[in-house]
Amino acid sequence: MLNIKIPTNLLLIPTVALLAACGGGGDTTIDPPSLSNSERAILLNDIFLDIGDNIGAVPEDVTERADLPVGGLVQYSGAAYIAASVYGVDTRDVVRAYLGELEIEAFFADGNISGEATNFIVVQNAEEFVETDAVPIAGGDVTGTLVIASIQNFDPLLAIYDATVTGELIADDGSEFFLNELDAGLAVFGADADALLVFGDTDGTVDGVDGYIEFGGLGKAVR
């Protein structure tokens, strides 16, 4: 599992098995009605891998604020995940994970970045998927949407933003996630603002015990 660290300490991104897909197609178009959940899980994995392979996700690859587009809308499309773990004596055991789609709109001139993650599906092999980069085994559908909103650009030179992630996801197996303005970080990559990464995590109660929840997503510009 690769950690992507950006120089704000807000973005420490475990890319989990989303970067372990087979191949990278580069197509961010997902049509849920025409695909099975198993096909969608592989495609989401593939999309995340393709975007991750095309950004370094290191400080020198973050877009400088001076190079951000100054007019108009930039749209980003990609994949997202959310995972929950519980703490043991010496371990952190992943008990739940979902994969979904990410859509972000950015008006960089005024610092307004917003979007959502939706159309999630359950990952049945959550522990193996997160910890050992196993290919996701798709489960049932998830209803609900996570809303992403930027707060401000806190870096004087780089396109790195505070953000929040809010919403509720309920799966048809009875599992769920509830996020109440989860603190997150958001960064833009590439000389032409080609890609965007968002990540947030928090300690919390998972299935009645102490645990940890994380959300992450990668999108590429589809101007």
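User: How many of the 13 residues of E10 are buried?

Analyst: Buried means under 20% relative accessible area, exposed means over 50%, and partly exposed lies in between (1.4 Å probe, protein chains only). In E10, 10 of the 13 residues are buried, so the strand is largely enclosed by the rest of the structure. This is a predicted model, in which local features need pLDDT of at least 70 and side-chain atom pairs count only at pLDDT 80 or more, while totals for chains, interfaces and linings use all residues. Residues are numbered from 1 along each chain as its sequence is written, and side-chain values use heavy atoms, with hydrogens and water left out.

User: How many helices and strands does the protein have?

Analyst: Helices (H or I, at least four residues) and strands (E, at least two) are DSSP runs, numbered from the N terminus. Here there are 2 helices and 10 strands. Along the sequence the pattern reads β-β-α-β-β-β-α-β-β-β-β-β. Of the 223 residues, 50% are buried.

User: Which strands close into a barrel?

Analyst: Strands of a sheet pair through backbone hydrogen bonds, either parallel or antiparallel. Two strands count as paired if DSSP finds at least two bridges between them. In this model 8 strands close into a barrel, in the order E3-E4-E5-E6-E7-E8-E9-E10, with antiparallel pairing. Neighbouring strands of this sheet are turned by 25° against each other on average, direction ignored. Axes here are lines fitted to C-alpha atoms, for helices over the stretch in contact, and angles run from 0 to 180 degrees between N-to-C directions.

User: How many bridges join E3 to E10?

Analyst: There are 11 bridges between E3 and E10, which run antiparallel. Look for Ala 84, which stands opposite Ile 213 in E10. E10 also pairs with E9, through 12 antiparallel bridges. There, Asp 203 faces Tyr 212 in E10. E9 and E10 form a hairpin with 2 residues between them, and Asp 207 in the turn has a positive phi of about 50°.

User: What about E6? Which strands does E6 pair with?

Analyst: E5 and E6 pair in the antiparallel sense over 6 bridges. Ser 114 has Ala 149 in E6 as its bridge partner. E6 is joined to E7 by 11 bridges, again antiparallel. On that side, Thr 143 is partnered by Ile 170 in E7. E6 and E7 make a hairpin with 6 residues between them. E7 (residues 160-171) then meets E8 (residues 176-189) through 10 antiparallel bridges, where Gly 167 stands opposite Leu 179 in E8.

User: Where does helix H1 lie?

Analyst: Contact means heavy atoms within 4.5 Å. Helix H1 (residues 37-53) lies across E3, E4, E5, E6, E9 and E10, running at about 70° to E10. Its buried residues include Leu 44, Ile 47, Phe 48 and Ile 51. The expected span of a helix is 1.5 Å times one less than its number of residues. For the 17 residues of H1 that gives 24 Å, and the end C-alpha atoms are 24 Å apart, which agrees.

User: Which residues of the largest nonpolar core touch the most other members?

Analyst: In soluble globular proteins, nonpolar side chains tend to be buried together. A nonpolar core is a set of buried Ala, Val, Leu, Ile, Met, Phe, Trp, Tyr and Cys residues joined through side-chain atoms within 4.5 Å. The largest one has 38 residues, and Tyr 76, Ile 82, Phe 108, Val 188 and Phe 215 touch the most other members. E3, E4, E5, E6, E7, E8, E9 and E10 each supply at least two residues of this core. A second, separate core of 28 residues includes Ala 97, Leu 99, Val 123 and Ile 160.

User: Where is Leu 68, and what does Leu 68 touch?

Analyst: Leu 68 is in the loop between H1 and E3. Leu 68 counts as buried, at 8% relative accessibility. Leaving aside residues up to four places away in sequence, its contacts include Phe 108, Tyr 161, Val 188 and Ala 193.

User: Is Ala 193 buried or exposed?

Analyst: Ala 193 is buried, at 0% relative accessibility. It sits in the loop between E8 and E9. Check its backbone too: Ala 193 has a positive phi of about 55° although it is not a glycine. Asn 119, in strand E5, also has a positive phi, near 55°. Asn 119 is partly exposed, with a relative accessible area of 32%.
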